[in-house]
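Look at the rings and charges in the structure below. Some questions and answers follow.

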Amino acid sequence: MVDHFDARLVKLARKGDQGAFAELVDLYKDKLFHLGYRMLSNRHEAEDVVQETFLRVHKNWSRYDDKQKFSTWIYRIATNLCIDRLRKRKPSYYLDAEMNDQEGMDGYTLIPGDDKTPETEYLLSETQRTIHQAIAGLPAKYKSVIILRYLQEMSLQEISEVLDMPVTTVKTRVHRGREFLRKKLEHKVL
């Protein structure tokens, strides 16, 4: 049902129907935001990725192959944008290192708060936070498959299509990503 509905909207949007494009935005903006936020751990960057994804969709309708699912195409665009941002990141300091000019302060004090209310803090269990932190620390090639597999609940075939890689490579990366997580989580528990 959803694929047929998407296909109808895509067909109209490709012909210039702004209402259909707005419906596609409404359908996918939250899903793409969650993907971006989980990959980048930054609300503003996730919002930027969502906007850039829709800009690219709008500019590149001619590249869309209507034989493939629209969701696969849009997830591929968003995932690649996230991976590009992760590759460009370079840590300029270690968070644990003390700052020279101020005694007792370290890099953690420079990280802004996340504007969470006490209610939302309470709702996020310690286990969830630990797992999300562990996922955030994964190398980009494992992070993307783990997020798509376990947080976006995509099949291996869908991930293969989104990332444009063989299913066997996806399986390998999921396995290695889980191993990375297992080792990270073992150290947190001990």
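**Aromatic pairs and a buried charge**

Q: How many aromatic pairs does the count come to?
A: Rings of Phe, Tyr and Trp (its six-membered ring) pair if their centres lie within 6.5 Å; planes under 30 degrees apart count as stacked, over 60 as edge-to-face and the rest as tilted. By this rule the count is 11.

This is a predicted model, where local features need pLDDT of at least 70 and side-chain atom pairs count only at pLDDT 80 or more, while totals for chains, interfaces and linings use all residues. Residues are numbered from 1 along each chain as its sequence is written, and side-chain values use heavy atoms, without hydrogens and water.

Q: What is the angle between the planes of Trp-61 and Trp-73?
A: The two rings form an aromatic pair, 5.9 Å centre to centre. The pair is tilted, and the angle is 35 degrees.

Q: Which residue, with Tyr-64, forms a tilted aromatic pair at 5.0 Å centre to centre?
A: The planes of this pair are 45 degrees apart. Tyr-64 is buried (under 20% relative accessible area, with exposed over 50%, partly exposed in between, 1.4 Å probe, protein chains only). The partner of Tyr-64 is Trp-73.

Q: Which side chain of opposite charge is nearest to Arg-76?
A: Lys and Arg count as positive and Asp and Glu as negative; His and the chain ends are not counted. Arg-76 is buried yet has no salt bridge (a side-chain nitrogen of Lys or Arg within 4 Å of a carboxyl oxygen of Asp or Glu). At 4.4 Å, the nearest is Asp-164.

Q: Over which ring does the charged end of Lys-31 sit?
A: A charge sits over a ring if NZ of Lys or CZ of Arg is within 6 Å of the ring centre and within 35 degrees of the ring normal. The charged end of Lys-31 is 5.3 Å from the centre of the ring of Tyr-28.
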